Amino acid sequence: MAETHDLHPDTVVVAGGRPAPAHDAPVSPSLVLTSTYRGISDMTDADRGYARMSNPTWDDFEGVLGRLEGSDLPALAVASGLAAVAAVMSLVPAGGRVVMPTHAYQGSQVLVDDAAAAGHLTVTRVDVTDTQATLEAARGADLLWLESPTNPMLEIADLPALLATTRREGILTAVDNTFATPLLQQPLGLGAEIVIHSVTKYLAGHSDVVLGAVVTSNPELRVTLQHHRSIHGAVAGPFETWLALRGVRTLALRVERSNQTALELAGRLDRHPAVSRVRYPGLPQDPGHERAAAQMRGGYGAVISMELDTDAAGAQHVVEALGLWTPATSLGGVESLIERRRRHHDEPDSVAESLLRLSVGIENVEDLWADLTQALSTVKLGS
Ligand SMILES: *Cc1c(COP(=O)(O)O)cnc(C)c1O
């Protein structure tokens, strides 16, 4: 499929990962369920061997994701987004130092905090919107971890500036690209060594799969990460991987629609009297807008955070009053989800008690808006 290399991403999601064209070949990829493979001669790395090491259904998905992220190498599918985070953290030597954003995916924060508490590494937290401070903290560190937009504050890191410097100075840098998807930004091309995804979110896209992936363009690093996957055992289920590729087929459509709806809703919420602050990088007045406009293409994502002019109970009440929006954690599915973030006890105090995180799905924008306005009418202004 060499000729497909130059295809646009919205074609790659459809055309990639299909059986080789031959008469009577199936058009769609197979779900290969096996724990082992036939073999007689001495085992080599090229052999499939055993299904903790290799699976044809992984290959179909991994080739597509690698190409979407602009790598010549296939991605590595793993059991979950957190398994991808753990695989990258395994690269940090004993006693090493990791630089993390103050606001980042909660599971990633807990994972590094647990490792620090056990004495395996130390953690420095930075405001990733402050490029100078981030680079200063990253000098001499063993890993710089980046998210942009961040969870749940939707802050934008200056990825081109940060990654150009970390590449030049040889600072190992990984970007969690879950919120943006490879359609909006491709950090490897900017200089990141590693990209990870919670495939659970936009890539699979239907809230029915837990899966993760690691992507790199560095062949040695890929061998190391692949070895980690085989030996630590957090391998992808073939069925989950098959479902994820099925979800990827509509990624471009889902991202386009949900991003458009998110931009429209963010603008309307920003003008709503019960909403004290909207965080969405697509809004011209958002502090991250200029950067996002320069480094993201085609949209600003489909996650919005809003602070309400009320307390925790009032915000909780709004969530309860919604009908179409589903109250649930997670994001990136076709159905719109909403949650008060401080219901998670490990969410930092810098996240307001009234902050609601919205994951905008692909429903009709007016139906989503009507549900939001009726629920927001329960807020007693100024309470
Ligand atoms: C959900 C999520 C993860 C963790 O992924 P799982 O698939 O739930 O293990 C990591 N990073 C981000 C940004 C996420 O949203």
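The model is predicted, so local features need pLDDT of at least 70 and side-chain atom pairs count only at pLDDT 80 or more, while totals for chains, interfaces and linings use all residues. Residues are numbered from 1 along each chain as its sequence is written, and side-chain values use heavy atoms, with hydrogens and water left out.

**View 1. Surroundings of the ligand.** The residues around the ligand include Ser80, Gly81, Leu82, Tyr105, Asp176, Thr178, Ser198, Thr200 and Lys201 (a residue is near a molecule or strand if one of its heavy atoms lies within 4 Å of it). A polar backbone atom of Gly81 is 2.9 Å from an oxygen atom of the ligand. For Leu82, a backbone N or O atom lies 2.8 Å from a ligand oxygen. In the side chain of Thr200, an N or O atom is 2.6 Å from an oxygen atom of the ligand. The ligand taken alone exposes 380 Å², and the protein buries 92% of that. Accessible areas come from the Shrake-Rupley method with a 1.4 Å probe; for residues, only the protein chains shown count as cover.

View 2. UniProt, in an unreviewed entry, lists Lys201 for "modified residue: N6-(pyridoxal phosphate)lysine". UniProt positions are given in the numbering used here, feature names are shortened, and annotations may be inferred rather than shown by experiment. Lys201 sits in the loop between strand S6 (194-198) and strand S7 (212-216). Helices (H or I, at least four residues) and strands (E, at least two) are DSSP runs, numbered from the N terminus. Lys201 is buried, with a relative accessible area of 8%. Buried means under 20% relative accessible area, exposed over 50%, and partly exposed in between (1.4 Å probe, protein chains only).

**View 3. Salt bridge between Arg229 and Glu62.** The count of salt bridges comes to 15, each being a side-chain nitrogen of Lys or Arg within 4 Å of a carboxyl oxygen of Asp or Glu. In the one formed by Arg229 and Glu62, the closest N and O atoms are 2.9 Å apart. Arg229 belongs to helix H9 (residues 219-232) and Glu62 to helix H2, so the pair ties together parts that are 167 residues apart in sequence. Both Arg229 and Glu62 are buried.

**View 4. Salt bridge between Arg125 and Asp113.** The closest N and O atoms of Arg125 and Asp113 are 3.1 Å apart in this salt bridge. Arg125 lies in strand S3 (residues 121-126) and Asp113 in helix H4 (residues 106-117), so the pair ties together parts that are twelve residues apart in sequence. Arg125 is partly exposed at a relative accessible area of 34%, and Asp113 is partly exposed at 36%.

**View 5. Salt bridge between Glu307 and Arg279.** The side chains of Glu307 and Arg279 form a salt bridge, 3.0 Å from N to O. Glu307 is in strand S9 (residues 303-308) and Arg279 in strand S8 (residues 275-279), so the pair ties together parts that are 28 residues apart in sequence. Glu307 and Arg279 are both buried.

**View 6. Arg357 and its contacts.** A network of salt bridges links Glu339, Arg341, Arg343, Glu347 and Arg357. Arg357 is located in strand S12 (residues 355-359) and is buried, with a relative accessible area of 4%. The side chains of Arg357 and Asn151 are joined by a polar contact of 2.6 Å. A polar contact is a pair of N or O atoms within 3.5 Å; within protein, one must be able to donate a hydrogen and the other to accept it, and residues adjacent in sequence count only if both atoms are side-chain atoms. A polar atom of the Arg357 side chain also lies 3.4 Å from the backbone oxygen of Ser330.

**View 7. Backbone of the loop between S4 and H6.** Most residues other than glycine have a negative phi, and most peptide bonds are trans. Ser148 and Pro149 are joined by a cis peptide bond with omega of about -5°. Pro149 is in the loop between strand S4 (143-147) and helix H6 (159-169). Another cis peptide bond joins Asn151 and Pro152, with omega of about -10°. Leu154, found in the loop between S4 and H6, is not a glycine but has a positive phi of about 60°. Leu154 is buried, with a relative accessible area of 2%.
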